[in-house]
Amino acid sequence: MKVHAPAAVLVVSILILSGCQQQPPLKTAWKGTVTLAENKQLPIRMVLDLNPPAPSGYFLNGSEQTPIPEIHRDGDSVSFVFSEYGAAMRSVWKSGKLVGNFYRFRKDTVVNTFEASPENGQENSPEAKSTPDVPLVGKFQVYMKNRDGIDSGSVASFWARGDSVFGTFIAADGDLGLMAGKQKGNSVQLGRFTGWQGQMIEMTRTHNEWSGTLIYRMPPAVPFTLSARPAQTTVVPSGKKTTMKDTRKPFAFSGLTVMGDTITNLDKRYKGKVVLIDIMGTWCHNCMDASPLLQRLFSEFGDQGLEVVGLSFELTGDMNAARKNLLMYEERYGITYPVLFCGSLDNTNVEARLHAQLKDFFAYPTTLFVDRNGLVKLIHEGFKGPGTGDEYQTEVNLYYETVQRLLNPKAASR
């Protein structure tokens, strides 16, 4: 049968549109939501390039970009894999958006729904600005209400640009990462999603006090109140600081490189050197913040006698999985110092390798600063990342000053 031109054009147009709807766009920015505890919807943003053979992308939190380690596209299906964290996002392109689930694989797997749509350009158009009654800016003591009572061990730090608010909660073992959101009147919502992390803060100001809830992917949500503390910083209580059980002995370690070679503290490369021992894991977001600083120190002071070594405790004891995770971790942060696989987070393994030598070990990362005689001179628990503002700069200064003092103790004592 002969088809007239207008009808032919219509048929072709329908086929083209149908084809476009069957697969997601190859390269664009996306916005969406992930469902958290109590059915709260956490806004997410990401940029994806789904072109074969190696799709790539990253999540956006404010101006911070977190690379997505593995992206797989098969027709109308798109999945993100976070093998270091034991998690994945699996979705299908339906009605102009990706719809799927976030899986955190553990003994009891946690599942959260998510969806995302291509941004159409209007999201970046100027919005009507509102002036908050009282801007959420400054440092605050955080009073968390949990089953055991009130926990006041955390500090909150916030700053603003227009009606955009940024900040984080900071504890002794690190921070929640840079969170971003909006303030509307006396209400604030901040969120962060990186694949490894998914959390949101909702709060309001009533009777001259900020109060709210910290919501994670799984319950319970944690209610809290804030009290202004302009000069407050987080410190580890003296009675809980990590220490060497025997300060006269070196810290002993051994592990496997991604090539399968065994490295120990007795190797010649560490003799007479200042060594930073980074106890970490590729699943740990605070470790991700610390690694670029450790690499920078190694690059700047390696020729003066500094060595850095990472001791990675992984979610699984499987060497093949660990090798894959360590390779991705080293590539992501440009790491040139050894990162050693030291087994799993299993209690027996950690007890034998760490608790046998360290008293009150509690934080990943924990950095041991070792002098040229092989003795631990300083132990630093946790790490406060770029999202903490001035506290991050304090961390950077501490690491630099300690390394320089250990490399040249005579100059430091003048």
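1. S95 counts as exposed, at 77% relative accessibility (exposed is over 50% relative accessible area, buried under 20%, partly exposed in between, with a 1.4 Å probe and protein chains only). You'll find S95 in the loop between β7 (87-94) and β8, and despite not being a glycine it has a positive phi of about 50 degrees. Strands, and helices too, are DSSP runs numbered from the N terminus (E, at least two residues, for strands; H or I, at least four, for helices).

2. Some ground rules before going on. This is a predicted model, where local features need pLDDT of at least 70 and side-chain atom pairs count only at pLDDT 80 or more, while totals for chains, interfaces and linings use all residues. Residues are numbered from 1 along each chain as its sequence is written, and side-chain values use heavy atoms, with hydrogens and water left out.

3. The overall picture: the protein chain has six helices and 27 strands. Its C-alpha atoms fill a box of roughly 90 × 60 × 40 Å along the principal axes. Of the 414 residues, 46% count as buried. Taking contacts (heavy atoms within 4.5 Å) between residues at least 6 apart in sequence, 56% join residues at least 24 apart.

4. E38 is another non-glycine with a positive phi, this one of about 60 degrees. E38 sits in the loop between β1 (27-35) and β2, and with a relative accessible area of 57% it is exposed. For context, most residues other than glycine have a negative phi, and most peptide bonds are trans.

5. Cis peptides are worth a look too. P52 and P53 are joined by a cis bond with omega about 5 degrees, and P53 belongs to the loop between β2 (41-49) and β3 (56-61). The bond from P219 to P220 is also cis, with omega near 5 degrees; P220 is in the loop between β17 (209-215) and β18.

6. Now the open sheet. Nine strands make it up, in the order β4-β3-β2-β1-β9-β8-β7-β6-β5, with antiparallel pairing (two strands pair if DSSP finds at least two bridges between them). β4 (64-67) and β5 (70-74) are at the edges with a single partner strand each, so one side of each has no neighbour in the sheet. Neighbouring strands are turned by 25 degrees against each other on average, direction ignored. Within the sheet, β8 (residues 97-104) and β9 (residues 110-118) run antiparallel and are joined by seven bridges, with V99 standing opposite E115 in β9.

7. Eight bridges link β10 to the antiparallel strand β11 (residues 149-161), and the two form a hairpin with two residues between them. K139 has S157 of β11 as its bridge partner. β10 also pairs with β18 (residues 222-228), antiparallel again, over five bridges; there Q141 is partnered by S227.

8. Which strand is largely enclosed by the rest of the structure? That is β23 (residues 306-314): nine of its nine residues are buried, so the strand is largely enclosed. L306, V308, G310, S312 and E314 point one way and E307, V309, L311 and F313 the other, and all are buried. Note that E307 and E314 are among these buried residues. β23 pairs with β22 (residues 274-280) in the parallel sense over seven bridges, and I279 stands opposite L311.

9. I279 and L311 turn up again in the largest nonpolar core, which has 82 residues. (A core here is a set of buried Ala, Val, Leu, Ile, Met, Phe, Trp, Tyr and Cys residues joined through side-chain atoms within 4.5 Å.) Along with F80, F82, F251 and Y364, they touch the most other members. α2 gives the most to this core, with eight residues. A second, separate core of 19 residues includes L176, M203, L214 and V222.

10. Finally, the helix pair. The axes of α2 (residues 285-301) and α5 (residues 390-407) come within 11 Å and cross at roughly 30 degrees (axes are lines fitted to C-alpha atoms over the stretch in contact, and angles run from 0 to 180 degrees between N-to-C directions). The crossing is right-handed, meaning that the near helix is turned clockwise from the far one by less than a right angle. Among the contact residues are L293, L297 and F301 of α2 and Y392, Y399 and V403 of α5.
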